[in-house]
Amino acid sequence: MTNTTPRLTGGCQCGAVRYAVTAEPEKPSICHCRMCQKAFGAYYAPLASVKKAAFEWTRGEPARFRSSSLVSRGFCALCGTPLTYEFHGVPAPGSDAADAVRHGEAPEAVASSPGFAAHDEVAFSLGSLDDPTLVPPVIQYGIEARMPWLASLDRLPGNITEDDMPEGAMEALVSYQHPDQDTADWPPASDEKAAR
Ligand SMILES: [Zn+2]
Ligand SMILES: [Zn+2]
């Protein structure tokens, strides 16, 4: 896929891990399930799937936490940004692969056991996109755990960021967040951090 123009790019807050997506994301969603709430430290997780062949790590690799026997979640080991939800696949009931899951074998061991149907998609976090406005959600999952007051969030009073900062803070602020685009080198070679 090296000659394919990325449709979408994104990455973690610190810039150590970056990715590119070369296919239209399938079923962009928000998931309210309790596992996604914990994994994102948020009320819900925005995610969309693509075939693994259409997803590429362009800088670094995430660390992974295996949140269940079938799922690993990728995140930046340096800054903590949640990046992926990786469903490994389904073991056929009674198969060696099902045994491997029951005995707590690693995903790789499960995947190499007879009776394992590999999942060929990876889901990535939509808030980590360089432009999250491009992929609006079309469905909700895990609604059994949806916050009871979620629908009323829109009616809360709201401030823009500047209004919330102490006097002079915006002028003094230097952001170390990676910019919302690919960069040749990061952090920048000069002493001066990117002023954004
Ligand atoms: Zn990072
Ligand atoms: Zn979930």
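The protein chain in this predicted model contains five helices and twelve strands. Its C-alpha atoms fill a box of roughly 65 × 45 × 30 Å, taken along the principal axes. The chain has 196 residues, and 27% of them count as buried. Contacts between residues at least 6 apart in sequence can be sorted by how far along the chain they reach: 58% of them join residues at least 24 apart.

Strands of a sheet pair through backbone hydrogen bonds, either parallel or antiparallel. One open sheet has three strands, in the order β1-β2-β5, with antiparallel pairing. Its edges are β1 (8-11) and β5 (55-59); each has a single partner strand, so one side of each is left without a neighbour in the sheet. From one strand to the next, the twist averages 25°.

The pair β1 and β2 can be followed residue by residue. These two strands are antiparallel and share four bridges. Leu8 has Val21 in β2 as its bridge partner, and Thr9 stands opposite Ala20, also in β2. Together β1 and β2 make a hairpin with six residues between them. In the turn of this hairpin, Gly15 has a positive phi of about 90°.

Is Glu56 buried or partly exposed? Glu56 has 16 other C-beta atoms within 10 Å, which makes it partly exposed, because a residue needs 20 or more to count as buried and 12 or fewer to count as exposed. Glu56 and Arg18 are 38 residues apart along the chain, yet their C-alpha atoms are separated by 8.7 Å.

The next sheet is also open. Seven strands form it, in the order β6-β7-β8-β11-β4-β3-β12, and the pairing is mixed. The edge strands here are β6 (63-66) and β12 (139-141), each of which pairs on one side only. The twist in this sheet averages 30° from one strand to the next.

On one side, β4 runs antiparallel to β3, and four bridges join the two; one of the residue pairs is Ile30 with Pro46 in β4. β4 also pairs with β11, again in the antiparallel sense, over five bridges. Here Val50 stands opposite Val122 in β11. β11 in turn pairs with β8 in the antiparallel sense over two bridges, and Tyr85 has Ala123 in β11 as its bridge partner. Why is β4 described as largely enclosed by the rest of the structure? Six of its seven residues are buried, so the strand has the rest of the structure around most of it.

In soluble globular proteins, nonpolar side chains tend to be buried together. The largest nonpolar core in this model has 26 residues, and those with the most contacts inside it are Val21, Ala45, Leu47, Phe55 and Phe124. At least two residues of this core come from each of β2 (18-21), β3 (26-31), α1 (34-40), β4 (45-51), β8 (82-87) and β11 (121-125). The most is given by β4, with four residues. A second, separate core has five residues, including Ala97, Ala100, Val110 and Phe116.

Leaving out residues up to four places away in sequence, Leu47 touches Ser29, Cys31, Tyr85, Ala123, Phe124, Ser125 and Leu126.

Finally, two backbone details deserve a look. Most residues other than glycine have a negative phi, and most peptide bonds are trans. Lys27 is a residue other than glycine with a positive phi, near 45°. Lys27 is found in strand β3, and it is exposed, with 12 other C-beta atoms within 10 Å. The other detail is a cis peptide bond, which joins Trp186 and Pro187 and has an omega of about -5°. Pro187 lies in the segment after α5 (169-172).

Technical notes:
Residues numbered from 1 in each chain as written. Chains lettered and ligands numbered in written order. Predicted model: local features only at pLDDT ≥ 70, side-chain atom pairs only at ≥ 80, totals over all residues. Core = buried A, V, L, I, M, F, W, Y, C linked by C-beta atoms within 7 Å. Contact = placed C-beta atoms within 7 Å. Pairing = 2+ DSSP bridges. Axes fitted to C-alpha atoms, helices over the stretch in contact; angles between N-to-C directions.
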